[in-house]
Amino acid sequence: MPQPLNDSTSIYVPQPCTLLEVSDLTPQEKLFRLCLDSGGELGQQPGQFVQVSIPGLTEAPISVANSPTRRGYFELGVRKAGTLTGAMHQLQPGDTLGIRGPFGRPFQLAALVDKEVLLIAGGCGLAPLRSLIQYCQDRPGDFKSVHILYGARSPQDLLFKEDLENWQSSETFSCRYIVDKSPGSSCYDGETGLITRLIGALEIDSKNGCAVVVGPPPMYRPVIAELRRLGLTGKRQIMLSLERQMRCGIGKCGHCTIEHLYCCTDGPIFWLEEIEHLRGAL
Amino acid sequence: MLKRLVERDIYDLLGRIADSYRLRVPGLLDDGTRTLLPWDGQQISLFGEPPQRKPTAYFFPQTDPLLKIDPRGQATPAAVAEKPFALFGLDSIDLAALAFTDRFFSNPPPDDHYLRRRNGALLIGLTGYAGPSRGFLPLVKGNCDLELIACGEYWLARAGCKSADHWLAHYPPGDQEQLAVLQRESAQWNHRAAVDVQQAMELLRQDMVPDSFWEEIASRCILCSGCNLACPTCTCFCVQDRQTATGTVRSRVWDSCQLDAFMREASGHNPLGTEALRTRRRIYHKLVADPERWGEPGCVLCGRCDRACPTGIGMFAVAKEIASRFAISSPD
Amino acid sequence: MTATLTTCPYCGTGCNFYLLRDEDGRLTGVEPAGNHPTSRGQLCIKGWNAHAFVEHPDRLTIPQIRTKGNLQPVDWQTALDLIHEKLSGIAEKHGPDSLMFLSSAKVSNEENYLLMKLARAGYGTNNIDHCARLCHSSTVTGLVETLGSGAMTNSLSCFDETELIFVIGSNTTEQHPLIGSRILQAVWRGAKLIVADSRKIRLARHADLHLRHMNGTDVALLNGLMRQILLEGLENRSFIASRTENFAALEKSLAPFHPEYVAKVTGLLPEQIISAARMYAKAEKAMIVYAMGITQHSHGVDNVRAVSNLALLTGNLGRPGTGVNPLRGQNNVQGACDMGALPDVYSGYQRVSDPAARLKFSAAWQTRLPEKPGLLSTHAIEAAAAGKIRGMLILGENPMLSDANQNLVRQALEKLEFLAVIDIFPTETAQLADVVLPAACYAERDGTFTSTERRVQRGRKAVAPPGEAQADWQILCALLQRCGVKADYAEPGEIMAEISGLTPSYAGISYARLDGNGLQWPCPDAQHPGTPILHREQCARGKGRFSPVAYRPPKELPDASYPLLLNTGRTGIHWHTGSMTRRSHLLDREERSAFVEINPEDAEKLQVRTRQQVKISSRRGAIQAAAKVTERVPPGQIFIPFHFAEGAANALTNNALDPESGIPEFKVCAVRIDPC
Ligand SMILES: Cc1cc2nc3c(=O)[nH]c(=O)nc-3n(C[C@H](O)[C@H](O)[C@H](O)COP(=O)(O)OP(=O)(O)OC[C@H]3O[C@@H](n4cnc5c(N)ncnc54)[C@H](O)[C@@H]3O)c2cc1C
Ligand code: SF4
Ligand code: SF4
Ligand code: SF4
Ligand code: FES
């Protein structure tokens, strides 16, 4: 048994942090920029998440949306989904929040080095992926090429529009996005259709490719099928993020299990072959 | 160190332990339910059914305050009582459950809140002829600090670790021969449900149990959550906040994977969205997922879920059903 | 740690468990009573979480008085004086019958007794009633007429030996989970199960026969069964001859109910009716189990009569494994009735109109007592809306959410000159009160509760009440004393002693005898072991009386503008208006908001998906709820639980009342759904 502990703190105690900036991403999503009151760095790796605590509303897991290479703050992109996230949307700069973490297994950065990297996000999935994109942006030499593909439901739902433009014009990336449907009234002149269309259109050296996929549950199967068609059939070629209800973030509460795996500690980032055969994973 | 005690010595021993621990001993509640209770120096129920309430509840209670957040947002961990628990009256099954739960909560990152109660606690086994109607309870293999073994007229006592030796120091030595006899008996002792559960485990691992089976079993479930709440190796919890003028108390509360909202996400997506999936999970998790992760099943065969289940679909009942329906009968 | 044995505060099943308290005096959980005959080491999810609301921060902790429109804390003395001053003032000015007292099926027998004493002896009115009006008043009226006693005739242990169970209008696995589970266990054992319910409830999945008759057609169905039984000669002739009366009238009344006609009315197939009749009548021992699906109709009493007729016709009465078994909803609704929290009877169903009974009670209480039976709660609401009831005291009820037609209830309560509410939480009803008194909850006081099988059991104090909250019995004693009625009981056991002195069926009951498993009434003397089965040798009224009934359709049926039938009820997770369960974390988590069950066919037509918010409206109001598309409800019917204030089913329901019992028609009204 692990030995006597320090009584003044606990793994369940959140640390205070202060909201620096809030910006609207869409009518449902906001970006929060925060810093730890302790003054230290959060120390996240791309793909990790934090448990955001609001007294009275418990906690919710939220992925860190910026790369650790951007120092002095951390960002959370949050969709208004219920009570806690709804309360977050009411917060103003200067307000305080509690944070535990960062938790979880991050994107396997080492496995991407010198690869043709596909970063594929659907909907809210761009928030966690953004941390990886920024990371790639800040270390351009590490990868052979980086392709960003992003799908949203409608032009209105596109997250991080400024970033998208910035990435599209960046030398480091190729970046395309697409929306399921565009209402006639909108002034959107980009592509429409499913994200799988963008994947089909890629030309890459499949032996040397590695894809990272983050999106809502219904997106995974079709995207994986499309990636396979592209030739990403080997091991350690597709990485994805699985989200489950999470109460603790540290492998204790049991809400996030997929068979014998705990999404919060064994994931949220998995290699496809680690989870593909598990019932209910995809 | 093996010692010989008579019943009076047990009271003396426990009396000394009670000075430095919060001692819990088997007793009968008003309606005859046998459970572990604070000791008032009076009669102890030395023989009988295993205590109804799971022993892990002492370290992981149903409602368990984790921390307090003051109105300025400052959080402090909940204090736990200074005196550690001493639990007397644990059989080998309950000790196995505690060992399982200990390992679960110690797995990195360790759950300091559990460990704060668990560290320094004294676990005292009660085995030998101490079962219902003085039936046999197999001896403990490690896992406890002290073990008292009922041998009929007298008791054998041994310490599970060096640091516990001193409790027994002044009693006369016990009969090693007698211990050996009991150890042989323990080795031969078979749990009534072990065969079924073992077989169910195999069949599940080989994916021999069709979904229709889970649908059928699940249709009997009235969603009481008792199977999970009674189980000593069930550790799932949800988190509740209660806000008052003086701050917020955040607690963890026993949860149950039989409930629809256990995994339901804010979007409505629910990986365990049907009764059948949840019922499968309850059994599969213990018999297949836990061995895969921890190297041993999460079911220690205590039988509590079968007792708590109002419709007769606890672990033993389901395992029996699986074993009898899906086992490929041997050629002879 | 301490473990206090007590009775579950939720349903009438009567499970017992231990409340566990740690060294700091906090409740940490519950542990089922391992040897209790009902619990047997088991509980339903509400029982397992029964500790959770007790220490909720929303608990009322201090008396409050409305001043300048807001509730303000005051001391007890002031609050109690004000209540007495107002109530006695109104009684003086407008007569005692301008007051109404609403008691509660959540409080103990002793407290119900004291409140009825307060109404009758303290303020001189028989205007006292409680929520049984809304659940089993039809049972009390119907079964008293046919059998002489309005209670469940048999015991829960009878499920273990019966051959057939006929469940009609009871979603037992959700509403009385530990009775539902016993029914399921009986089915594994080999007993037959007939379920008559328009919804595909869990029991229906295990039934030999599931009759999805249209809501409100129970009389037609039951009469159809009886006609078929007679046609095939399956009735119990000797039982009819020796133990019943009025058979000829019944026989005559059944003539029109041939299977084709019944099929047309109920929406069933003629063969289903025939096979159900055969199956039920051929069983040697058959139990009928029913609940709100029978009683909550504008013809609720007729439904109960028909049920009783069916049992009498086949001689399924007075023996183990038989009987007419209404499942009482609240943990103490049986007791509240037994204690006379009803407008026409004192405790033990002794009629206020009976001079001898009146004499007995006025001698005991040393005061004159009114003879005119009082108002039913449902009528009292109407009377309040009409300005005839001017003062009201509500003990532990939330009519704002539980009564039919919420708008009418609001109007009525707002119109009152004076409203006092005693409760544990700031309920929707308490928001309207002039005085709110904080009460101790079940875990904080002693008292007895009577379960559905007439088992009188102890509830025990496990923790101290929050703040200044007091036990209801203490509050009622303080009011009785202000009325000049002696009420100096040191503890509830002394109240029980008074009750048993005045109530023949409780005469043998005392606290000392209740330790253990309690006692099932009638328990007429101190040596009597209690009565698991009623009507053994003869019925309580002598002969069992056949009471013929004609089929009357519900008051409001779907039509072109309101094309769907609304069925209301509860779920297995929440309790009534949710004031306790929605404050219990796990239960709240499981079902967080209002929903409406819609059949896929209707959903398709209406173009609604699961989780989509829809607007549901009736002629009386409109609410919003999330759609839940499910086969559980038949096409043309929707179901809404009444737990949720923000989607209050009773804003829609019809307060068409049964003319005899005054129960509202909660189970049928016409509504429409619009996407929103
Ligand atoms: C690893 C991970 C990363 C995520 N990253 C992001 C992100 O970057 N951005 C983002 O917008 N979202 C993210 N999410 C989703 C986000 O966590 C949920 O939207 C959020 O938890 C919703 O919480 P809520 O309180 O607002 O909603 P709720 O109203 O609480 O609803 C959430 C669900 O949780 C349950 N629930 C609600 N309250 C409780 C309670 N008190 N106790 C127990 N169960 C309860 C309910 O069943 C409900 O269905 C992530 C999720 C995971 C697992
Ligand atoms: S028998 Fe049941 S309660 Fe006991 S360990 Fe196994 S699963 Fe848990
Ligand atoms: S104890 Fe039985 S009925 Fe209750 S949740 Fe578990 S399996 Fe279902
Ligand atoms: S069945 Fe009824 S009495 Fe029993 S635990 Fe559940 S709610 Fe309580
Ligand atoms: S979030 Fe608690 S175990 Fe994973």
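This is a predicted model: local features need pLDDT of at least 70, side-chain atom pairs count only at pLDDT 80 or more; totals for chains, interfaces and linings use all residues.
## Nonpolar cores

The largest nonpolar core holds 155 residues. Ile120(A), Leu227(A) and Phe101(C) touch the most other members. Helix H2 of chain C, residues 76-94, gives the most to this core: 8 residues.

Leu227(A) has contacts beyond its neighbours within four places in sequence. These are Leu118(A), Ile120(A), Ile199(A), Ala211(A), Val213(A), Leu232(A) and Ile238(A).

## A sheet in chain C

Chain C has an open sheet of 7 strands with mixed pairing. The strand order is E5-E4-E16-E15-E14-E6-E7. Strands E5 (70-73) and E7 (128-129) of chain C stand at the edges. Each has a single partner strand, so one side of each lacks a neighbour in the sheet.

Strand E6 of chain C, residues 99-102, runs parallel to E7(C), and 2 bridges join them. Within E7(C), Asp129(C) stands opposite Leu102(C). Helix H21 of chain C, residues 472-482, packs on the sheet. This helix touches strands E14 (391-395), E15 (418-423) and E16 (435-438) of chain C. The direction of H21 makes about 155 degrees with that of E14(C).

## Interface of chains A and B

Here 43 residues of chain A are in contact with 50 residues of chain B. The area buried between chain A and chain B is about 3,800 Å². Carbon and sulfur atoms give 58% of that area.

The rule finds 4 salt bridges across the interface of chain A and chain B. Glu259(A) and Arg280(B) meet through their side chains in a salt bridge, at 3.2 Å from N to O.

How values were computed:
Residues are numbered from 1 along each chain as its sequence is written. Chains are lettered from A and ligands numbered from 1 in the order in which they are written. Side-chain values use heavy atoms; hydrogens and water are left out. A nonpolar core is a set of buried Ala, Val, Leu, Ile, Met, Phe, Trp, Tyr and Cys residues joined through side-chain atoms within 4.5 Å. Buried means under 20% relative accessible area, exposed over 50%, partly exposed in between (1.4 Å probe, protein chains only). Helices (H or I, at least four residues) and strands (E, at least two) are DSSP runs, numbered from the N terminus. Contact means heavy atoms within 4.5 Å. Two strands pair if DSSP finds at least two bridges between them. Axes are lines fitted to C-alpha atoms, for helices over the stretch in contact, and angles run from 0 to 180 degrees between N-to-C directions. Buried area is the accessible area (1.4 Å probe) that two parts lose on being put together, summed over both.
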